[in-house]
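Here is a walk through the open spaces, the helix packing and a couple of backbone details of this model. Have the structure open while you read.

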Amino acid sequence: MGKKVTVVGAGFYGATTAQRLAEYDVFETVVLTDIIDGKPEGLALDLCQSRPIEGFETRIVGRTTGVDGSGYEVIEGSDIVVITAGLPRKPGMSRMDLLETNAKIVRGVAENVAKYAPHAVVIVVSNPLDEMTALAQLATQFPKNRVMGQAGMLDTARFTNFVAEELKVPVSSVRTLTLGSHGDTMVPVPSRCTVDGKPLADLLPAEKVEELVVRTRNGGAEVVALLKTGSAFYAPSAAAARMARAVAEDSGAVMPVCAWVDGEYGIGGVYLGVEAEIGAAGVRRVVETDLTAPELAGLKEAAEAVRAKQADVADM
Ligand SMILES: NC(=O)c1ccc[n+]([C@@H]2O[C@H](COP(=O)([O-])OP(=O)(O)OC[C@H]3O[C@@H](n4cnc5c(N)ncnc54)[C@H](O)[C@@H]3O)[C@@H](O)[C@H]2O)c1
């Protein structure tokens, strides 16, 4: 049987994710849903009509859903559900400013996912990311390995892009890594950054690396400030779509994702940005990497910061 993936929320992030997933041509069906009447149906129709030109066979199905759960039958049998429903930031807002509004939205969506697609792997992207991932797990009651969030791939891609531009080298020659939370306590890992296998520290002065780290940490806000009416979606959707594809193909790819950490790095019981091996069951295992003492301290600090916030979402 062909694979089925659902994208909840047909805004910029959701629509672009659906397009990327469809164009991979590895899924039988991509379902796109939203509460705005006709929007997912219209986008799905448009995407389907791109098939003869782009040359892919995946069917895209759009469905308007009600907050009461009407229409959710369309997601039945989904192997993967990507949750993009929720408000994006406006200039000057932090991701945490979205907490209460998006918690209500994500809880409602997650409850319907649990009811209609009880075997799905859930990939959360709604912000604030670490908290919404924890909330989706609570609301679905799915095993923790079957619920993860997208942030680290995006933050890492931003870091890689900045390094490649700075050194005027192909992005493919650059490896970077960011861990921790998708926010102020993002932990870039310079010790794991290389260009053609050479340590980044040998190629750029420490102040320059720090400048790129800061730009990476503020990468989302930089785009929001320019767009003024929404947040980034090209790079974010590329990251979420790759995660969904790794699940569909049971690839075992190691990616930086927001995963349940329990014991790794000496950190107990929290959703946190770490590297993980991704397969059909979601997170197969968290992959621990060697960190310098300051990097490990940063990761632990991030864990404690998100732990406090994740405890709050339980009542939302
Ligand atoms: N994790 C990341 O790296 C990352 C990156 C960028 C954006 N985001 C987040 O992704 C989310 C979506 O961003 P966007 O740019 O697509 O915003 P958007 O405003 O373009 O789209 C959001 C969509 O969600 C829909 N929606 C709201 N409630 C819903 C519900 N109950 N069920 C179904 N759909 C519902 C809205 O109608 C809207 O179409 C935001 O929370 C944003 O902050 C996360």
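Searching the whole structure turns up one cavity of 30 Å³ or more. A cavity here is a set of points, on a 1 Å grid over the protein atoms alone, where a 1.4 Å probe fits but cannot get out. Grid points are joined across faces, edges and corners, and a volume is the space filled by probe spheres set on the points.

Before going on, keep in mind that this is a predicted model, where local features need pLDDT of at least 70 and side-chain atom pairs count only at pLDDT 80 or more, while totals for chains, interfaces and linings use all residues. Residues are numbered from 1 along each chain as its sequence is written, and side-chain values use heavy atoms, with hydrogens and water left out.

The largest cavity has a volume of about 50 Å³. Its lining residues (those with an atom within 4 Å of a point) are D130, A151, G152, D155, T178, L179, G180, S181, H182, C258 and G273. Strand β8 (178-180) gives the most to this lining, with three residues, and α6 also supplies at least two. Helices (H or I, at least four residues) and strands (E, at least two) are DSSP runs, numbered from the N terminus.

Then there's the largest pocket, which holds about 900 Å³ of space. A pocket is an open set of points with protein on both sides within 12 Å along at least five of seven lines. The lining of the largest pocket runs to 44 residues, and T84, A85, G86, L87 and P88 lie nearest the centre. Elements giving two or more residues to that lining are α1, β2 (29-34), α4 (99-116), α6 (152-167) and α8 (219-227). Of these, α4 gives the most, with six residues.

Here is how the two linings split by class. Ala, Val, Leu, Ile, Met, Phe, Trp, Tyr, Cys and Pro count as nonpolar, Asp, Glu, Lys and Arg as charged, and the others, Gly among them, as polar.

On to the helices. The axes of α1 (residues 12-24) and α9 (residues 234-248) come within 8 Å and cross at roughly 45°. Axes are lines fitted to C-alpha atoms, for helices over the stretch in contact, and angles run from 0 to 180 degrees between N-to-C directions. So α1 and α9 are oblique to each other; angles under 35 degrees count as roughly parallel, over 145 as roughly antiparallel, 65 to 115 as roughly perpendicular and the rest as oblique. The contact (heavy atoms within 4.5 Å) brings Y13, T16, T17, R20, L21 and Y24 of α1 up against α9 residues including Y234, P236 and R245. By class, the α1 and α9 contact has nine nonpolar, three polar and three charged residues.

Helix α9 also meets α6, with axes that come within 8 Å and cross at roughly 130°. That makes this pair oblique as well. From α6 come M153, L154 and R158, and from α9 come A235, P236, A239, R242 and M243. This contact has six nonpolar residues, no polar ones and two charged.

Finally, two backbone spots. A cis peptide bond joins N127 and P128, with omega about -5°, and P128 is in the loop between β5 (121-124) and α5 (129-140). K168, in the loop between α6 and β7 (174-175), has a positive phi near 55° and is not a glycine.
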